[in-house]
Amino acid sequence: QAQMVESGGGLVQAGGSLRLACAASGRTFNGYFMGWFRQAPGKEREFVASIGWNSIKINYADFVKARFTISRDNAKKMVYLQMNNLKPEDTAVYLCASSLWNSMDPVDFWGQGTQVAVSS
């Protein structure tokens, strides 16, 4: 059984920062690519960032480059998303995901999500 639990979401003003965390357990994480997706109300889920097991393969969506940083701590089975210079359009539910593929497709496991709200 695999489980991923996100934390760190909240309400922040535009220009502010948040650090999301994802705690993984069970038969996911080891050897997996880990990533973050987000889904805003009325919109489709979209890829945000991903990181490989050894933190060498890192990918970002164009809209978060230079603002967001993904990292992982394999010993703690944790994945992080540092979000800086947040914008109102970053408002969404952010979900942790794991995949055996760098493309993050298909996703094998999803977390339940954490809400991020950015006020203008």
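Predicted model: local features only at pLDDT ≥ 70, side-chain atom pairs only at ≥ 80, totals over all residues.

User: Where in the chain do D90 and R67 sit?

Analyst: D90 is in the loop between strand 8 and strand 9, while R67 is in the loop between strand 6 (58–60) and strand 7 (68–73). The pair links distant parts of the chain, 23 residues apart.

User: Why are D90 and R67 called buried?

Analyst: Buried means under 20% relative accessible area. D90 has 1% relative accessibility, so D90 counts as buried. R67 has 9%, so R67 counts as buried too.

User: How do you know that R38 pairs with D90?

Analyst: Their closest N and O atoms are 2.9 Å apart, and the limit is 4 Å, so this is a salt bridge. R38 lies in strand 4 (residues 33–39) and D90 in the loop between strand 8 (78–83) and strand 9 (92–99), so the pair ties together parts that are 52 residues apart in sequence.

User: What links R38 and E46, and is each of the two buried or partly exposed?

Analyst: The side chains of R38 and E46 meet in a salt bridge, at 2.7 Å from N to O. R38 has a relative accessible area of 6%, which is under 20%, so R38 is buried. E46 comes to 30%, between the 20% and 50% cut-offs, so E46 counts as partly exposed.

User: How many salt bridges are there by this rule, and which residues are linked in a network?

Analyst: The count comes to three salt bridges. R38, E46, R67 and D90 are linked in a network of them.

User: Which backbone feature does N85 have, and where is N85 found?

Analyst: N85 has a positive phi of about 50 degrees although it is not a glycine. N85 is found in the loop between strand 8 and strand 9. At 42% relative accessibility, N85 falls between 20% and 50%, so N85 counts as partly exposed.

User: What kind of peptide bond joins D105 and P106?

Analyst: A cis peptide bond joins D105 and P106, with omega at about 0 degrees. P106 is in the loop between strand 9 and strand 10 (109–110).

User: How does the radius of gyration of the protein chain compare with a compact globule?

Analyst: For 120 residues, a compact globule would have a radius of gyration near 14 Å, and the protein chain has 13 Å, so the value agrees. The C-alpha atoms fill a box of roughly 40 × 25 × 25 Å along the principal axes. Buried residues make up 43% of the 120 residues.

User: How many helices and strands does the protein chain have?

Analyst: The protein chain has zero helices and 11 strands.

Technical notes
Residues numbered from 1 in each chain as written. Heavy atoms only, no water. Helix = DSSP H or I, 4+ residues; strand = E, 2+ residues; numbered from the N terminus. Rg over C-alpha atoms; globule rule 2.2 N^0.38 Å. Buried < 20%, exposed > 50% of the residue type's maximum accessible area, 1.4 Å probe, protein only.
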